[in-house]
Amino acid sequence: VISLSIMTAGDQQVAENGEFYTIEARFDNIGDLGVDSRVAASGVTIGRVSSVDYDNETYEAVVGLSINRKYDRFPLDTAASILTAGFTGDQFVELQPGADDVMLKQGDIIDLTQSSLILEQVIGQFIYNQSQDDTFRDDPFQAPEFGEQVSGDDAFVIEHQETGENDE
């Protein structure tokens, strides 16, 4: 607890000394992202999440990102994504620099964001898609694929074939 307090106090002192600048990113869903989650670029930690809030007007999560001042060359069209780190499952913000000549500065907002991937939603969508595929797999009169043309008389021609055995 003591070492954690010292580390936290050290982070606050550095932030107060102006060695960080804060920008904002807005997401539809942040999953389990929280304050003190890391902010990275190309896998390198460049800062921390300084705040998490909710905007009642836009219905978005508002995430404050404190970036170390030595990483002050992020273009204005930088994108922010919420990713999950390996097996630990810790979520973090990854910045992907854009190509704009103007750089982000204190108080700017990142417009290009990709929300957290929610595992339950992915599994639900997969199950839904599988059930839709299975509906046509068992149907002997399977619907044609999208874009496939079927002419009027050929669409549902069923012919009886004699096999020589007792047909039922």
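Where is the place of Ser42? I find Ser42 in the loop between β2 and β3.

**Entry 1: ground rules**

I am working from a predicted model, in which local features need pLDDT of at least 70, side-chain atom pairs count only at pLDDT 80 or more, and totals for chains, interfaces and linings use all residues. Residues are numbered from 1 along each chain as its sequence is written, and side-chain values use heavy atoms, with hydrogens and water left out.

**Entry 2: the chain as a whole**

I looked up the secondary structure and found 2 helices and 8 strands in the chain. Helices (H or I, at least four residues) and strands (E, at least two) are DSSP runs, numbered from the N terminus. Along the sequence the pattern reads α-β-β-β-β-β-β-β-β-α.

I then looked up burial. Buried means under 20% relative accessible area, exposed over 50%, and partly exposed in between (1.4 Å probe, protein chains only). Of the 168 residues, 23% count as buried. The chain exposes about 12500 Å², and carbon and sulfur atoms supply 51% of that area. Accessible areas come from the Shrake-Rupley method with a 1.4 Å probe; for residues, only the protein chains shown count as cover.

For contacts (heavy atoms within 4.5 Å), I took those with a separation of 6 or more: residues 24 or more positions apart account for 61% of them.

**Entry 3: the sheet**

What is the strand order of the open sheet? I read β7-β1-β4-β3-β2-β6-β5-β8, 8 strands with mixed pairing. Two strands pair if DSSP finds at least two bridges between them. The edge strands, each pairing on one side only, are β7 (109-110) and β8 (112-114).

I noted Ser81 with its bridge partner Gln114 in β8.

I followed β4 next. β4 is joined to β1 by 8 bridges, antiparallel, and to β3 by 8 bridges, also antiparallel. Phe27 stands opposite Ala61 in β4, while Asp53 has Val62 in β4 as its bridge partner. As for cover, 8 of the 9 residues of β4 are buried.

**Entry 4**

β3 and β4 form a hairpin with 4 residues between them, and Tyr59 lies in the turn. Tyr59 is not a glycine, yet its phi is positive, about 60°. I checked its cover: Tyr59 is exposed, at a relative accessible area of 59%.

Ser42, from the opening question, is also a residue other than glycine with a positive phi, near 55°. Ser42 counts as exposed, at 71% relative accessibility.

**Entry 5: the nonpolar core**

A nonpolar core is a set of buried Ala, Val, Leu, Ile, Met, Phe, Trp, Tyr and Cys residues joined through side-chain atoms within 4.5 Å. Which members of the largest core touch the most other members? Of its 21 residues, I list Val39, Leu65, Ile67, Val93, Leu95 and Ile110. At least two residues of this core come from each of β1 (20-27), β2 (38-41), β3 (44-55), β4 (60-68), β5 and β6. In soluble globular proteins, nonpolar side chains tend to be buried together.

I took Val93 for a closer look. Leaving out residues up to four places away in sequence, Val93 touches Leu33, Arg38, Val39, Ala40, Val49, Leu65, Ala80 and Ser81.

**Entry 6: two buried loop residues**

Phe74 is in the loop between β4 and β5. Is Phe74 buried or exposed? Phe74 is buried, because its relative accessible area is 7%. Beyond four places in sequence, its contacts include Tyr21, Ala41, Ile46, Leu95 and Met103. I also took a C-alpha to C-alpha distance: Phe74 and Asp100 are 8.8 Å apart in space and 26 residues apart in sequence.

Asp108 lies in the loop between β6 (90-96) and β7. Asp108 counts as buried, at 15% relative accessibility. With residues up to four places away left out, Asp108 touches Thr22, Ile23, Glu24, Leu76 and Met103.

**Entry 7: a surface patch**

Ile123, Phe126 and Ile127 make a nonpolar surface patch of about 320 Å². Like charges are joined within 9 Å, and nonpolar side chains (Val, Leu, Ile, Met, Phe, Trp, Tyr) within 5 Å. Ile123 lies in helix α2 (residues 119-137) and is partly exposed, at 44%.

Notes:
Patch = residues over 30% accessible without salt bridge, like charges linked within 9 Å, V, L, I, M, F, W, Y side chains within 5 Å. Salt bridge = Lys/Arg side-chain N within 4 Å of Asp/Glu carboxyl O.
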